[in-house]
Amino acid sequence: MIEKIKQHYGYLFEDDLINEIANVAVYKEFEEDTIIIDVDSNMVSIPLIINGAIKILREDKEGDDLVLYYIEKGDTCAMTLSCCMGETKSKIKAIAETDVTLLMIPKNKMSEWLSKYKSWQEYILLSYHSRLNEFIEAVDSIAFLNMDERLYKYLKDKAMVVGNDVLNVTHLQVANDLHTSRVVISRLLKALEKQSKIELHRNQIKILAL
């Protein structure tokens, strides 16, 4: 466990903190599309991602989801941190975008380490800053971009997160992530293909320029 943590977090944390993480962390694996955190679930731990990517979504009153941002290896989730600190239930849904391995840290350790380890304090503050910037970017995308621009940005972001310019995804899945209809997405994907930005295949979308 210690060697695995050092491999992914050794550049961030000192040896004493890594030893403590190894002593209290719970190692977990999730397959692609697994719900890791659901809305209204009690938050008892925070994730440190070792491998893979997770998409963070907000759910509306009708139960429809909207993708806010992605977190990848080396990241944690600021929304989870906030819920743990405030001892509130989850306001977001976290779903494995790819197969994911992570460490779950008990929430009581988060505040303890903030005063004990400067590296942990810097890591948490940087995580808040990064997620805030991504959240603002998501809001700007909804407020200021046309749907075709939002769609193309979503496809490029998703390709970068999974590390592949070929996305195995259906039009309906894209529509659900962008909180719109499949008909709209299919029409806009055809338009992007005509602009030579993507290639459409059965249940696959290839990004031509990242």
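Visitor: What counts as a helix in this model, and which residue follows H3?
Guide: A helix here is a DSSP run of H or I with at least four residues, numbered from the N terminus. The model is a predicted one. Helix H3 covers residues 78-86. After H3 comes a residue with a positive phi, near 50 degrees, and that residue is Glu87.

Visitor: Which elements do the buried residues of H3 pack against?
Guide: Both strands and helices take part. The strands are E2 (35-37), E3 (45-51) and E5 (65-72). The helices are H4 (107-116) and H5 (118-144).

Visitor: How many helices and strands does the protein have, and what is its radius of gyration?
Guide: The protein has eight helices and ten strands. For 210 residues the globule rule gives 17 Å, and the protein comes close to that, so it is as compact as a globular protein of that length. Its radius of gyration is 18 Å.

Visitor: What share of the contacts with a separation of 6 or more joins residues 24 or more positions apart?
Guide: A contact means heavy atoms within 4.5 Å. Among contacts in the protein with a separation of 6 or more, the share from residues 24 or more positions apart is 71%.

Visitor: How far apart are the mean positions of the positive and negative charges?
Guide: The protein has 26 positive and 33 negative charges. The distance between their mean positions is 3 Å.

Notes
Residues numbered from 1 in each chain as written. Predicted model: local features only at pLDDT ≥ 70, side-chain atom pairs only at ≥ 80, totals over all residues. Heavy atoms only, no water. Helix = DSSP H or I, 4+ residues; strand = E, 2+ residues; numbered from the N terminus. Rg over C-alpha atoms; globule rule 2.2 N^0.38 Å. Lys, Arg positive; Asp, Glu negative; His and termini not counted. Charge placed at Lys NZ, Arg CZ, Asp CG, Glu CD. Buried < 20%, exposed > 50% of the residue type's maximum accessible area, 1.4 Å probe, protein only.
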